[in-house]
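Please consider the sequence and the model shown here.

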Amino acid sequence: MVFRRKCPVTRDKAGITFGERTVSGDSPETGRCLLQVDIRKRLRQFSLQVQFQAGRGCLGILGASGCGKSMTLKAIAGIEDPDQGQVVLGGRVLYDSGAGICLRPQKRKTGYLFQNYALFPNMTVEQNLEAGLRYGAGIRGDCSRQVKELAGRFRLEGLEQQYPGRLSGGQQQRAALARIFACGPEVLLLDEPFSAMDSFLKEGLRLELKQILGAYEGVSVLVTHDRDEAYQLCDHLLLMKEGRVLVTGPTRQVFANPGTVEAARLTGCRNISRIRRLGPHQVCALDWDGLVLSTKEPVGEHIQAIGIRAHDLNPLGEGEGQVNRIPVTGPKVTEMPFEWYVTLDNGIWWKTEKDIRTHEPAGFVPRWLYVDPSAILLLE
């Protein structure tokens, strides 16, 4: 894809270092950081202020629609200009407001996968791949061998003479990725690539993309509002709200310990309550009828709320356990194909598995639920 816009191309420089705002411990890559982003841009409803580093592997940017995720990708690619800041890729400065550096998109070596894939509709798959090789990678002369290799790599054999309008969603995505890889990108930018797909097609394509990203030697950044997608595809995660970074770190660690109320909500925690601290390891849940709960980790003065994921609640038999017993009063049951959703009078939401042939909820709802102290999230 070729973008045309006025943007001065000036000298490159290297050696810029960035501070990293990482909550939950590890840096995105041991050793080197290949993509460094520190940008600010005034948008209509808020100011985008994003700072992060990403190395080999996939960084996910997770947030609600309109929080600035796609704008961040476009600033990296050079489709949009930040107001201030720097973007450095592999030691090359792509953008530096202070130094007056702003490389054109064609010079940045970034591959951008749009939501609609942006294949040239009047070109066949073969011609789209040739365009990537000629205009992106700068190959001159016969490139039929490279086209054949790309078609094989992305399972497009037999589709070379088809136009994009005749391809399925999955075939279009593979063709778009093949054209991007034809350009030899140093960073792959994925802008909600599954947002317009049904769940059946989406699941298969996620697995395909996971294999592609796993073999890719460069940096990849995926923006999404789907937490399952982020968890499945991304090694590291950045949570964003209204243009600001809430938390960043290894994906599993961010889900296990989101750290803040907003981050917990973005990772799918629906049970969140304000608290009153009763002791180093004990709290009163103010939004759950004053339920007293014990925690494994000490409750610091800065902790203002707790969270419990719905699947961390377990049925408790009569006489079992004395800590973190939650009375099941006034349960409201909703049936899903493979799960029961149960909402208690105190507002706690519980999710438990069911058989597809089971439709009668009687008998499965216990008198008490239990949550392990280690499963209680401490939130700022």
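The following paragraphs treat the nonpolar cores, a helix and a sheet in turn.

The model is predicted. Its largest nonpolar core comprises 36 residues, and Leu 35, Phe 52, Val 87, Leu 189 and Val 221 have the most contacts inside it. Helix H1, which spans residues 69–77, gives the most to this core, contributing five residues.

Leaving aside residues up to four places away in sequence, Leu 189 touches Leu 73, Ile 76 and Ala 77, together with Thr 110, Gly 111, Tyr 112, Leu 113 and Val 221.

Helix H1 itself deserves attention. Because eight of its nine residues are buried, H1 is largely enclosed by the rest of the structure. The buried residues of H1 are Lys 69, Ser 70, Met 71, Thr 72, Leu 73, Ala 75, Ile 76 and Ala 77. After H1 comes Gly 78, which has a positive phi near 90 degrees.

The sheet is considered next. Five strands form an open sheet with antiparallel pairing, in the order S14-S13-S12-S15-S22. At its edges lie strand S14 (291–294) and strand S22 (377–379), each of which pairs on one side only. From one strand to the next, the twist averages 40 degrees. Within this sheet, strand S12 (residues 271–279) pairs with strand S13 (residues 282–285) in the antiparallel sense over four bridges. Ile 275 stands opposite Ala 285 of S13.

Key:
Residues are numbered from 1 along each chain as its sequence is written. This is a predicted model: local features need pLDDT of at least 70, side-chain atom pairs count only at pLDDT 80 or more; totals for chains, interfaces and linings use all residues. Side-chain values use heavy atoms; hydrogens and water are left out. A nonpolar core is a set of buried Ala, Val, Leu, Ile, Met, Phe, Trp, Tyr and Cys residues joined through side-chain atoms within 4.5 Å. Buried means under 20% relative accessible area, exposed over 50%, partly exposed in between (1.4 Å probe, protein chains only). Helices (H or I, at least four residues) and strands (E, at least two) are DSSP runs, numbered from the N terminus. Contact means heavy atoms within 4.5 Å. Two strands pair if DSSP finds at least two bridges between them. Axes are lines fitted to C-alpha atoms, for helices over the stretch in contact, and angles run from 0 to 180 degrees between N-to-C directions.
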